[in-house]
Amino acid sequence: MKVTDAVSTQLVLYVLWCYVCVALVRSSNHTLIFQIESNFRNCSCFSSIPDCGFALANLACNCKTVSSEDMDKASPTFSFSGELVVWVSDTATVGLLLNYSSVPNLRLSLCSPDAVLTEYLIIFGLKKLCVTNPKANAYPLQNITIYSTGSAAVKSSLQNSTGFSFYISFLNMALLNGDSKLKAYSVPNVTNIAEYFPDLHYDTTSLPSEAKSSFVTFIYV
């Protein structure tokens, strides 16, 4: 009887282990970046880590340290093809990482008790944005789709064979406070951003030279 129980226990453990392996294989690998003092930790994670779980991320993910100086010297700016998760402790330093970067799927999580003031980030190619603030009373978790192939503006451009060579999003970092609902306003077919939005301040040299028609989105609260 004891031998049978032992075999059954081993079988159950084996099945559970198989489920864990399958879950890890099926889970989407994503990049997690967070700040430790004056440096960044760039991590590759096979599963989701709870927001601001720094110790767990160091244990469960494959992480390496990147200095702020190296980040500042990086040229061209960073480009991410998959999902990027950024835990925000200092908006100024995160701006060094994200400003003028190319990220299609971005998740920003506030890991600081201080309120975030109005400060803008410019992200290229952004399709989906998730913003979390565990301490926010009103909106601790928000998701927004900036554009998709099924959106009206994109469908119209495809039907007219105009298309967009470039997507640019202006993010108000105050959205991390979670005090109000996210809002987005998009303007398609912008051929000259400086002329269309004369009051915007950004580095025009960071725009791709081949960008002729832009899909410009403002994300604010």
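**Disulfides and sheet**

Modeller: Cys52 is partly exposed, as its relative accessible area is 22%; partly exposed lies between buried, under 20% relative accessible area, and exposed, over 50% (1.4 Å probe, protein chains only). This is a predicted model, in which local features need pLDDT of at least 70, side-chain atom pairs count only at pLDDT 80 or more, and totals for chains, interfaces and linings use all residues. Residues are numbered from 1 along each chain as its sequence is written, and side-chain values use heavy atoms, leaving out hydrogens and water.

Biologist: Which cysteine is joined to Cys52 by a disulfide?
Modeller: Cys111 is the partner, with an S to S distance of 2.0 Å; a disulfide here is a pair of cysteine sulfur atoms within 2.5 Å. The torsion about this S-S bond is about -90°, so the disulfide is left-handed. Cys52 lies in the loop between S2 and H2, and Cys111 in the loop between S6 and strand S7 (120-124), 59 residues apart. Helices (H or I, at least four residues) and strands (E, at least two) are DSSP runs, numbered from the N terminus.

Biologist: How many disulfides does the count come to?
Modeller: The count is three disulfides. Cys43 and Cys63 form one of them, with sulfur atoms 2.1 Å apart, and a disulfide also joins Cys45 to Cys61.

Biologist: Is Cys45 buried or exposed?
Modeller: Cys45 counts as buried, at 0% relative accessibility. Cys61 is buried as well, at 9%.

Biologist: And what is the pairing in sequence order?
Modeller: With the bonded cysteines of the protein chain numbered in that order, the pairing reads 1-5, 2-4, 3-6.

Biologist: Turning to the sheet, in what order do the strands come?
Modeller: The order is S3-S2-S1-S4-S6-S8-S9, an open sheet of seven strands with mixed pairing. Two strands pair if DSSP finds at least two bridges between them. Strands S3 (62-67) and S9 (141-145) are at the edges; each has a single partner strand, so one side of each is left without a neighbour in the sheet.

Biologist: In which sense do S1 and S4 pair?
Modeller: Strand S1 (residues 30-36) and strand S4 (residues 83-88) pair in the parallel sense, over four bridges. Within that pairing, Leu84 in S4 is the bridge partner of Thr31.

Biologist: Which helix packs on the sheet there?
Modeller: Helix H4 (residues 91-98) does, touching S1, S2, S4 and S6; contact means heavy atoms within 4.5 Å.

Conventions. Axes are lines fitted to C-alpha atoms, for helices over the stretch in contact, and angles run from 0 to 180 degrees between N-to-C directions.
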